[in-house]
Amino acid sequence: MARYLVTRAWHSALTLLLSTVVVFLGVRALPGDPALALAGEDRSPEALEAIRHHYGLDQPLPLQFAQYVERIVQGDFGVSIRTGIPVSSMLTTALPVTVELSVLAILLATALGVGAGVLAAVRRGRPAEWLANGLALVGLSVPHFWLGLLAILYLSVAAGLFPASGFVPLLQDPVGNLHHIVLPAVILGTGLAAIIMRQTRSAMLDALSSDHVRTAKAKGLRPRAVITRHALRNSLIVVVTIVGLQLGGLISGAVVTEQIFGLPGFGKMTIDAVFQRDYPVIQAVVLLTATAYIVINFLVDLLYSVIDPRIRVTGDPA
């Protein structure tokens with residue numbers, strides 16, 4: 001196992017380094033000059049040259065990249081070109097909002113998706129399966145931004161059940177925080193719940209038709225035990241894979257939801273950084289997203305051996 005962990009750590013570090021190179025070059029390939037945006041009305045050549053020199057934009061790209069990697073290793077993401085605030089401080093404020101929204105959305109989606117998928121597989125050919133498939137189709141088809149606008153219109157403005165926008169920190173007011181974050185989490189988790197439901201249903205149908213499940217039924221085990229201990233456990237491999245991949249995507253894909261509900265997370269910060277060509281902020285956001293993907297995929301691989309003992313940590317069947 002130690003050898004596997006070392007190998008995976010090396011592969012993860014190499015992937016992260018390549019991602020850093022791609023992001024660094026890709027951001028600088030964007031059209032536009034950040035010095036022009038910072039100069040304002042004073043766009044004299046002297047002012048532009050002073051701005052480029054101050055932020056190191058006049059240096060060769062290899063030197064800029066080397067300095068950037070050195071600062072990253074020290075935990076310094078640089079200073080925002082747009083606001084002059086350290087990027088680390090901006091991330092400290094925005095990251096908890098996005099992480100909380102993503103985790104709550106993934107929990108709601110997993111609970112709804114797994115439950116509906118199991119019900120649809122066990123009640124195959126009955127109204128319960130038709131209803132679950134219909135709701136999953138709606139969840140996959142309806143755009144999040146449109147569903148979010150409807151939720152604000154009817155649940156926030158008309159009914160007054162939830163705030164239309166804003167955010168309260170969790171440590172400051174847990175109840176107020178939950179009141180503000182529940183509706184965006186539900187909207188963000190609808191599409192993911194539909195994906196999990198479809199995958200769970202497919203995996204459960206395969207498990208229920210397998211030999212070991214038929215043997216368990218022949219032994220006289222109760223239906224609930226057959227479903228939970230044998231069929232569902234063997235189906236969790238697919239569910240864990242989907243949840244792991246989607247959790248990394250939610251951290252970066254919550255931009256639209258955060259914009260609609262006015263949440264001060266990665267969404268607004270990322271969009272402002274892209275429009276203003278704020279290189280340090282864009283690089284930090286993408287780097288954290290890539291790191292989240294790598295860490296989550298590593299944890300998913302380890303969970304495989306926990307869910308199914310027949311799978312070794314090396315990935316080979318026992």
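Which residues is I196 in contact with, leaving aside its neighbours within four places in sequence? In this predicted model, the list is A109, T110, G113, V114, V239, I242 and V243.

Next, the charged pair. A search of the whole structure finds one salt bridge. The partners are R201 and E129, with their closest N and O atoms 2.5 Å apart. R201 sits in helix α8 and E129 in helix α6 (residues 127–141), so the pair ties together parts that are 72 residues apart in sequence.

Are these two residues buried or exposed? The cut-off for buried is under 20% relative accessible area. R201 is at 16%, so R201 counts as buried. E129 is at 5%, so E129 counts as buried too. Beyond E129, the contacts of R201 include G117, A120, A121 and N133, with residues up to four places away in sequence not counted.

Now the record. The unreviewed UniProt entry carries the annotation "transmembrane region" for residues 101–122, 134–157, 177–197, 236–261 and 281–304. I looked at two of these stretches in the model. Residues 177–197 are 100% helix and 0% strand, with the end C-alpha atoms 28 Å apart. Residues 281–304 are likewise 100% helix and 0% strand, and there the end C-alpha atoms are 35 Å apart.

On to the surface. L153, Y154, L155, V157 and L161 form a nonpolar patch there, and together they have about 500 Å² of accessible area. One of them, L161, is found in the loop between α7 (144–158) and α8 (174–208).

Last, helix α12, which covers residues 266–275. Its buried residues include F266, G267, M269, T270 and A273. As a reminder, an α-helix has 3.6 residues a turn, so residues three or four places apart point the same way. Just after α12, R277 takes a positive phi of about 55°.

Technical notes:
Residues numbered from 1 in each chain as written. Predicted model: local features only at pLDDT ≥ 70, side-chain atom pairs only at ≥ 80, totals over all residues. Heavy atoms only, no water. Patch = residues over 30% accessible without salt bridge, like charges linked within 9 Å, V, L, I, M, F, W, Y side chains within 5 Å. Areas by Shrake-Rupley, 256 points an atom, 1.4 Å probe, with all protein chains shown as cover. Salt bridge = Lys/Arg side-chain N within 4 Å of Asp/Glu carboxyl O. Helix = DSSP H or I, 4+ residues; strand = E, 2+ residues; numbered from the N terminus. Buried < 20%, exposed > 50% of the residue type's maximum accessible area, 1.4 Å probe, protein only. UniProt positions renumbered as here; feature names shortened; annotations may be inferred. Contact = heavy atoms within 4.5 Å.
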